[in-house]
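Dear colleague,

Please find below the structure for your records. My notes on it follow.

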Amino acid sequence: RAASGDALVQLMALSGGLEERLWQLLPSKARKGVQRLAQEQEGVTLLAAVPCEEDAMKKDVIVTEDARAGCFICVSELTPHSWADLQAGESFLKTTTK
């Protein structure tokens, strides 16, 4: 868990934070853990007012640039329902065909 928290904090540092809608997808315990890790590092913004450019891109644009992205879920596609499906271990293909 510590490694995943560190990775999330590093991504947040690079992107300027997470959108509020994405932050709320994380369980409260996970948010507190990430907040604790972020406080240990200087200059990490947790929440962003707007998504970073890459997070706002539609999947078809990303796949056009790199076809390998087709098998992944993009940030712009995350919803509470798709997040719950992913946490339950359902594949991305199942979440997109519902």
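The sulfur of Cys74 lies 10.0 Å from the closest cysteine sulfur, that of Cys71, which is too far for a bond. This is a predicted model, in which local features need pLDDT of at least 70, side-chain atom pairs count only at pLDDT 80 or more, and totals for chains, interfaces and linings use all residues. Residues are numbered from 1 along each chain as its sequence is written, and side-chain values use heavy atoms, with hydrogens and water left out.

For Cys52, the closest cysteine sulfur is in Cys74, at 12 Å, again too far for a bond. The structure holds zero disulfides, a disulfide being a pair of cysteine sulfur atoms within 2.5 Å. Cys74 is buried at 10% relative accessibility, and Cys52 is buried at 16% (buried means under 20% relative accessible area, with a 1.4 Å probe and protein chains only).

The largest nonpolar core has eleven residues, among them Val9, Leu22, Trp23, Val34 and Leu78. Such a core is a set of buried Ala, Val, Leu, Ile, Met, Phe, Trp, Tyr and Cys residues joined through side-chain atoms within 4.5 Å. Helix 1 (2–15), helix 2 (20–23) and helix 3 (28–40) each give two or more residues to this core. Helices (H or I, at least four residues) and strands (E, at least two) are DSSP runs, numbered from the N terminus.

Beyond residues up to four places away in sequence, Leu22 touches Val75 and Leu78, where contact means heavy atoms within 4.5 Å. Glu19 belongs to strand 1 (residues 18–19) and is buried, with a relative accessible area of 16%.

With kind regards

Definitions and conventions
Buried means under 20% relative accessible area, exposed over 50%, partly exposed in between (1.4 Å probe, protein chains only).
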